[in-house]
Amino acid sequence: MGLFGFFKSQFIEVIEWTDSSTNTLVYRFPVQGNEIKMGAELTVRESQVAIFVNEGEIADVFGPGRHLLWTQNMPILTKLKSWKHGFNSPFKAEVYFVNTKQFINQKWGTSNPIMMRDSDFGIIRLRGYGIYSYRVSEPTVFLRELFGTNASYDTSNIEEQLKKMILSGLTDLFAESKIPALDLAMHYDELSALGKEKMEERFSRFGFAITSLYIENLSLPAEVEQAMDKRTSMGVIGDLGQYQQFQAAEALREAARNEGGGLAGAGAGLGAGAALGGMMANAFTGNNQQANTPHPTNTESDKINCPHCNELILAGAKFCKECGKSVQTKKVPCINCHAEINKDAKFCGECGTKQETEKTCGKCNHKNALHAKFCGDCGEGL
């Protein structure tokens, strides 16, 4: 190989990067001491951006496609270098490939419980976890703020920072929402959307865009969940007396299956039988007490209409609770059989005789009240 061939081999003519991993954010092309030839070919694939850095300063940025490196498409680097050797002169610059694809299934979770005030349980401790996705939206901002001069940079380098940012925002969101702990499950989608919106500004400071955020689970401490389970079980059991009878019957059946012999076994069986008998007696006694408890009579629960204001009142009431008037009907004797009937009754309930409401004076034919003893007009006895 001649001298010209040796120098030509030192010039890089093809610049490209194929990502063999799934979590690399930035890759620095290994130029090292080799020089890039003006006119070299640069291949940038979809979901990639190539950034040229000259002496620590970002020069030119190339998007997806095939590029030939000339002064026409590298105006900043051309100005910085001020080449004097024509288009074929070599130049030195650092080339960084930034991965702009989405990095999915990134996990977040509470390392310590979130203290909250709940309307049902008071002060509670809440735990949660989920996933989120993001991508590099501003490569130059990302390069300035995070990458530095490393040879490569992957998601593990920024994972803890992003997780703490998400937890801080979600903790604030959960507390502000004031949603009861028992109703959180029905608001997962709404809280996830609000959490993503809350994170957008924080991620943009590093050149990132958060593309999704999901809440998979929010849960209470184990002891609180056990108390809730017991409360639910009591609701399912229903009548406690019947449940005690059922438990006693089950215990008797298990005791009957015990085939242990000997005096000790017999004594244990007798003791168990006595204890079970007491349980049964208590259960039945409780039920008998419930059965013997007097229930309200039908007459107390029956209601009638007040004859004055038509308000519903108890049948045994003496005065109306609405108008305050007496609701006791006056009794008068039947004109035929002298049985007591309501004063305003038109017929007797015993003999069926029609009741006269007025008396006519035999002397002056004046109409008088039924029970009047003298005529109100002439004073004649009736």
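Visitor: Where is K178 found?

Guide: K178 sits in the loop between helix 4 and helix 5. Helices (H or I, at least four residues) and strands (E, at least two) are DSSP runs, numbered from the N terminus. This is a predicted model, in which local features need pLDDT of at least 70, side-chain atom pairs count only at pLDDT 80 or more, and totals for chains, interfaces and linings use all residues. Residues are numbered from 1 along each chain as its sequence is written, and side-chain values use heavy atoms, with hydrogens and water left out.

Visitor: Is K178 buried or exposed?

Guide: Take the cut-offs. Buried means under 20% relative accessible area, exposed over 50%, and partly exposed in between (1.4 Å probe, protein chains only). K178 has a relative accessible area of 73%, so it is exposed.

Visitor: What is the phi of K178?

Guide: Start with the background. Most residues other than glycine have a negative phi. For K178, phi is near 55 degrees, a positive value in a residue other than glycine. N105 also has a positive phi, near 60 degrees. N105 belongs to strand 9 (residues 103–109). With a relative accessible area of 44%, N105 is partly exposed.

Visitor: How do the axes of helix 4 and helix 5 cross?

Guide: Axes are lines fitted to C-alpha atoms, for helices over the stretch in contact; angles run from 0 to 180 degrees between N-to-C directions. The axes of helix 4 and helix 5 (residues 188–204) come within 10 Å and cross at roughly 135 degrees. Angles under 35 degrees count as roughly parallel, over 145 as roughly antiparallel, 65 to 115 as roughly perpendicular, and the rest as oblique. Helix 4 and helix 5 are therefore oblique to each other.

Visitor: Is their crossing left-handed or right-handed?

Guide: A crossing is left-handed if the near helix is turned anticlockwise from the far one by less than a right angle, and right-handed if clockwise. For helix 4 and helix 5 the crossing is right-handed. Contact means heavy atoms within 4.5 Å. Helix 4 brings residues including L162, M165, I166 and F174 to the contact, and helix 5 brings residues including L191, L194, M199 and F203.

Visitor: How many residues of that contact are nonpolar, polar and charged?

Guide: Ala, Val, Leu, Ile, Met, Phe, Trp, Tyr, Cys and Pro count as nonpolar, Asp, Glu, Lys and Arg as charged, and the others, Gly among them, as polar. The contact of helix 4 with helix 5 has 10 nonpolar, four polar and three charged residues.

Visitor: Which residues touch the most other members of the largest nonpolar core?

Guide: In soluble globular proteins, nonpolar side chains tend to be buried together. A nonpolar core is a set of buried Ala, Val, Leu, Ile, Met, Phe, Trp, Tyr and Cys residues joined through side-chain atoms within 4.5 Å. The largest one here has 42 residues, and L25, V26, Y134, F174, F203 and F208 touch the most other members. Helix 4 (residues 159–177) gives the most to this core, with seven residues. Apart from it lies another core, of 17 residues, among them W17, F52, F62 and F97.

Visitor: What is F203 in contact with?

Guide: Leave aside neighbours within four places in sequence. F203 then contacts Y132, Y134, L162, M165, I166, F208 and I210. Y134 is part of strand 11 (residues 122–136). Its relative accessibility is 1%, so Y134 counts as buried.
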